[in-house]
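Subject: Structure handover and notes

Dear colleague,

I am handing over the structure below, together with my notes on what was found in it. Please read the notes with the structure open beside them.

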Amino acid sequence: MSYINELTQLCDKLGCRITPDCSLSGYTTFKFGGPCSALISINSAESASQLIEFLNGSNIKYGVIGRGSNILVPDEGFDGVVLLFGGSFAAIEHSGNTLKCEAGALLSAVCVHAQQNSLTGMENLFGIPGTVGGALYMNAGAYGSEMSDIVVSAEYLDRCGKPHTIGRDEMKLSYRHSVFSEMNAVITSVTFSLACGDSSEIKSAMNECMRKRSSRQPLDLPSAGSTFKRPKGSYASLLIEQCGLKGMTCGGAMVSEKHSGFIVNKGYATCSDVLELCGRVKQIVFDKTGYLLELEPVILK
């Protein structure tokens, strides 16, 4: 990894914090995973652009993590550089009914900002554990709402680090999919268009959303959120429960006894445990129902 010194100099110039040989277990909601060659905390779109240009030009593999809520990091780690889009890149600009958010802003923080400014449209997204960049990348949604309902545009970097702006109609937003995954693009900002509403009513709706999450989902244990995408014609959690797989374990990984759509970390799970359990669940569900489940979290590789 002879490039680390040169990369460190570039980070010093850009004002970005770099941590060589960094364990990623503390940067994902599943709480496991090996190290990366270096972790860099992004502080601006311009810094991200220059870093991607350098990494691409040097043929260095890189990945992007926000809150790490929909990602699996292998036990052996990631043989490359990870760009962290978090609190150093999380500004929210407010103009009328429009919010422009840097990609590292937590989706829940944006929901709170909207509520405090009497803007409605994000209530059902409150509690989704991710950043706005990650949420748009996978068109996250809950309780009948999706990012596609409120996003109007985004800014992103292409593989060479060049900036672009894209409108909603070009994003190919569908269930847990966007054009960004097709292009391996890095989202740097997301702009939402909301409507005027009553702040207290919006807060009540957000509280109800969190009440539903807390009562139905295993929020007390580490997970990556929903483990499988919804298959056409059914629900992953329903199929898993019908097959009697609640509580099934592999090492430290377990199909949640509270919500069968979640695989959780009992405290000592490895990525291998989770992937093996996912494989077993997929095979049993397919054998018994004919439905082929698809993993929702992205594997960093």
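Strand E7 (98-102) and strand E13 (186-193) run antiparallel and are joined by five bridges, where strands are DSSP runs of E of at least two residues, helices are DSSP runs of H or I of at least four residues, and both are numbered from the N terminus; two strands are said to pair if DSSP finds at least two bridges between them. Within this pairing, Lys100 has Thr191 of E13 as its bridge partner. E13 also pairs with strand E11, again in the antiparallel sense, over six bridges, and there Leu157 is partnered by Val186 of E13. Seven of the eight residues of E13 are buried, so that the strand is mostly covered; buried means under 20% relative accessible area, exposed means over 50%, and partly exposed is the range in between, with a 1.4 Å probe and protein chains only.

Before going further, please note that this is a predicted model, in which local features need pLDDT of at least 70 and side-chain atom pairs count only at pLDDT 80 or more, while totals for chains, interfaces and linings use all residues. Residues are numbered from 1 along each chain as its sequence is written, and side-chain values use heavy atoms, with hydrogens and water left out.

The second topic is an open sheet of four strands, with the order E1-E2-E5-E3 and mixed pairing. Its edge strands, each pairing on one side only, are E1 (17-23) and E3 (62-65), and neighbouring strands are turned by 25° against each other on average, direction ignored. Angles are taken between axes, which are lines fitted to C-alpha atoms (for helices over the stretch in contact), and run from 0 to 180 degrees between N-to-C directions.

- E1 and E2 run antiparallel and are joined by six bridges, and Pro20 has Ala38 of E2 as its bridge partner.
- E2 and E5 pair in the parallel sense over five bridges, with Ser41 opposite Leu84 in E5.
- E3 and E5 (residues 78-84) run parallel and are joined by four bridges, and Val64 has Leu83 of E5 as its bridge partner.

Six of the seven residues of E2 are buried, and this strand is mostly covered. Helix H1 (residues 3-14) lies across E1, E2 (35-41) and E5, running at about 15° to E2, whereas helix H2 (residues 45-57) lies across E2, E3 and E5, running at about 165° to E5; contact here means heavy atoms within 4.5 Å.

How do helices H3 and H6 pack against each other, and at what angle? Helix H3 (residues 107-116) and helix H6 (residues 199-216) pack at about 150°, with their axes 8 Å apart, and they are therefore roughly antiparallel to each other, given that angles over 145 degrees count as roughly antiparallel, under 35 as roughly parallel, 65 to 115 as roughly perpendicular and the rest as oblique. The contact is made by Cys111, Val112, Gln115 and Gln116 of H3 and by Ser199, Ile202, Lys203 and Met206 of H6. In H3, the buried residues are Leu107, Val110, Cys111, His113, Ala114 and Gln115, and these pack against strand E6 (92-95), E7, strand E8 (119-120), H4, E13 and H6.

As for the interior, a nonpolar core is a set of buried Ala, Val, Leu, Ile, Met, Phe, Trp, Tyr and Cys residues joined through side-chain atoms within 4.5 Å. The largest such core has 34 residues, of which Met122, Leu136, Phe180 and Phe192 touch the most other members. H3 gives the largest share of this core, four residues. Leaving aside residues up to four places away in sequence, Phe180 touches Leu136, Tyr137, Ala154, Tyr156, Ile166, Met171, Ala185 and Ile187. A second, separate core of 24 residues includes Ile52, Leu55, Leu83 and Val186.

Finally, some backbone angles deserve a look. Most residues other than glycine have a negative phi. Tyr143, in the loop between strand E9 (141-142) and strand E10 (145-146), has a positive phi of about 50° and counts as partly exposed at 30% relative accessibility. Lys172, in the loop between strand E12 (163-167) and H5, has a positive phi near 55° and is partly exposed, with a relative accessible area of 48%.

With best regards
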